[in-house]
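Biologist: I have not worked with this structure before. Could you please take me through it?

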Amino acid sequence: MNKIVVGLIFGVVLGALDGATAWFYPETRPVIGGILIGSSFKGMLVGILSGWFARKVHSTGWGIAVGSALGLLFAFLVAFMDAKSGKPHYLEIMLPGFVVGAIVGFLTQRMGSPAVAKSGAQ
Amino acid sequence: MDADTAIGGPSGQFPSTRVSLLEAAASGLSEAATNQVLALYWKPVYRFIRIKFQKCNEDAKDLTQGFFASALQRDFFARFDPAKAPFRTYLRMMVERYAANQHAAANRQKRGGEAEFEPVDDQAITTESPEAEFEREWRRQLFCLGLEDLRAHCQDTGKQLQFSIFEEYDLGERDRISYSGLAAKYDIPETTVTNHLAWARRTLRAFITERLRATTSGPKELHDEMRRLWK
Amino acid sequence: MEVSDSVLEHLCQVTALPDLTGTRYELEAEIGRGGMGVVYAARDRELDRRVALKVLEVPLSGEAQLISRLEHPGIVPIFESGTLADGRSFYAMKLVGGARLDQYAAGEHTLSESLRVIRRVGEALAFAHSRGVIHRDLKPQNIMIGEFGEVYVMDWGVEAVAGTAGFRAPEATLDKLSDIYSLGALLKFLLSSPAAPALAAVGQKAMNSDPRARYTSLTALLADIDRFEQGQAVEAWSEPVWHRVKRFAVRNAVLLWLLVAYTFVKFLLFFWRKS
C-alpha cells in the first residue's frame, strides 16, 4: 500500500472521528451529518497531500510539521466558511485540525511503501 | 638408533616413524619401549630423587636403578592410563611413590622411623622445585638425545660440514660467530650457511619429535608434549 | 653430549621457529598462540606484503581445505596452505590489525555496537554452516575487530584443546548447535549487567544445556536480536503484560503523545466553551 493511500485512509477515518466529537456540543447535533462529511473530506485532502510529501521526503519531523500545517490550513478554510454562516468557531476547528494533521503526517511517514526509484536506462 | 632415517632437505623426507610407547608395549616390544624410556628419563629421575629426597649421588643412583628395575618387573606400562595424565607425569608419580617407600623402609631399619637427612653436595642444590627440575632435565635430555641422533646421522650421511656449522653457531656458549664469519671460515657463500643451519635445526627437531613419540602414548599426548616442550 | 641452560634455551628457540625454506615468506615475529599452532607475522616476498602465518602441530585435515575455500567478509581469507620443510603444516592468511574481542570488550561500547559485533560473527558462522563447516572453538580470543571496525572470525575447525570455560557447549560431540551455544556465550560476554531481560533470554535460549531447546539455526538467533533492536517482542522471552505495554509505548511514543495532545485540546476547548 503506498503512502498516498495510507494518508487517504487515515485522513478520512481520523477526520470523521474528529468531526464526530462535535456531538458533545448539542447545538451542532442538527448539522452533524454535514460536519462529518466536511471533516472527512478535509482529512482526506490532508492525508493525500501528506502521503505525497512522505513519498518525497523521508523525515518524521518534517512529516509531522507538514501534516500540521496542512491540517491547520484546511481547518482554517472550514472555519472561515462556517464563520460566514453564523458564530465563528475558529479555535474549536483549527486547534484539533492542527493536531489531527500532525497525526496523519506522522502515520504517512511511518507506514506505507515508499516510492520505488525509477531506473535511468530505458 | 634406527638406521633407516632418511633426512632430506626441503623435499621434506623424515625419519621413519617410531611407534608410540603403548603401541610398542602392546605389540610385545616392551623392552624397546623401556630402552627409550630409560634413555630419556634416567637423568631426570635421578635429579628428581636427589632433590626431593635429599639423597647423595650414590644413593640417588641406586634408587634410580632400583626404580627402573622394579618398573620392568611390575608391568609398568600396562598400568599407564593416558586418559589420566601424560606419561611423564605418571612416571614421576611412580618414582615418587617408589622412592618414598624405599626411603621410609631405610629409615625404619636404621633408627625406628625417624627421618634422616644425608649430606648433599653442591650439584643437588637448586632453587627449583623437584618437579620443575624433573621437567627441566626431561627437556635437556630430549635435546641431548636429539643432538646425538643428529651427530650420528651427519656422520653416516657425510654431512659433517653441516654439523660443524651447526655446532659452532647453535651450540656455542659465548658470543656467537656471525653467518658471514662462518661463510669465510668454511669458504662457502653465506646463503649456504643459512641453508645448512636451517637443515640442521629442522633435522634436530625431527629427531627430538621421534624421541618424544617413542615415550608418549599416541598422537594427542605427543602434540601436548610438543607444545609443552616448545612453549 | 651435555648442553648448558643457555644453549638449551637457544636450541628451544631455534627449533621452535618454522623453517620457511622453499616458501615465499620471511619470518618476522610471533604474534600469538592459537588452538593447535602458533601465528607469526611474515612477509610475502613475491607480493611484498605482510601476512599472518599459522603453523600447525597437526597435519591439515580435509576440513581445513574446506575452510580455505570459505569466502566471506567475516572470515579471514586464506592465501595459501601447505607443508613446511620441517614437516609442519601452515596457512598463510590476511594479517588483521586491530584488537581481539576480549581486548575490545575491555573498552567502552554501546549496546548497539556490541550487537553489531554479534551479528557479524553470527553471519560468518551461518555462512560457514551453510558450507558444512563448524567452528567448534568460538570464543573472544578467536575474534578480531579490525582497524575499520570489521569483524573476523578465526581459528576454524579446530576442536577446543582444553575447552574454554563458559564458551564450549557441554555436549561431547560438537556440531552447529554447539556453535549456537558459543555465540550465546559471546552475547552474554559482551552484555553489561544487568542486561535487558529480552537479550538475557536470547542468550539463555542459545546456551541451553539441551541442544534441542536452543535456537535451531543462527538465522533464528540473529532474527531475535533484530527484533530486540527494533523494539519488537523476541521469541526467546514470553514477556509479561506490563513489559509489552511499556515496549508498545516506547515504540509508539510520538503517536501516543499526539493522541494525548489531541485529547487535551478537545477537553480544554470543551471546558473553555462551557465556561
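Modeller: Let us begin with a strand pair. S6(C) pairs with strand S7 (residues 143–145) of chain C in the antiparallel sense, over two bridges. Strands (E, at least two residues) and helices (H or I, at least four) are DSSP runs, numbered from the N terminus, and two strands pair if DSSP finds at least two bridges between them. This is a predicted model, in which local features need pLDDT of at least 70, side-chain atom pairs count only at pLDDT 80 or more, and totals for chains, interfaces and linings use all residues. Residues are numbered from 1 along each chain as its sequence is written, while chains are lettered from A and ligands numbered from 1 in the order in which they are written.

Biologist: Which residue stands opposite C:Met144?

Modeller: C:Arg100 does.

Biologist: In what order do the strands of the open sheet run?

Modeller: The order is S6-S7-S8 in chain C, with antiparallel pairing. Strand S6 (99–100) and strand S8 (151–153) of chain C each have a single partner strand and stand at the edges, so one side of each has no neighbour in the sheet.

Biologist: Which helix packs on the sheet?

Modeller: Helix H4 (residues 111–130) of chain C does, touching S7 and S8 of chain C. The direction of H4 makes about 40 degrees with that of S8(C); axes are lines fitted to C-alpha atoms, for helices over the stretch in contact, and angles run from 0 to 180 degrees between N-to-C directions. Two residues are in contact if their C-beta atoms, placed from the backbone, lie within 7 Å.

Biologist: Changing topic, how many helices and strands are in chain B?

Modeller: Chain B has nine helices and zero strands. Of its contacts with a separation of 6 or more, 67% join residues 24 or more positions apart.

Biologist: And how many residues does each side give where chain C touches chain B?

Modeller: Chain C gives 22 residues and chain B gives 23. Helix H1 (residues 5–16) of chain C gives the most to the chain C side, with nine residues.

Biologist: What about the contact of chain A with chain C?

Modeller: That contact takes 11 residues from chain A and nine from chain C.

Biologist: Back to C:Leu183: which residues is it in contact with?

Modeller: Leaving aside neighbours within four places in sequence, the partners of C:Leu183 include C:Ile118, C:Val121, C:Leu138 and C:Leu221.
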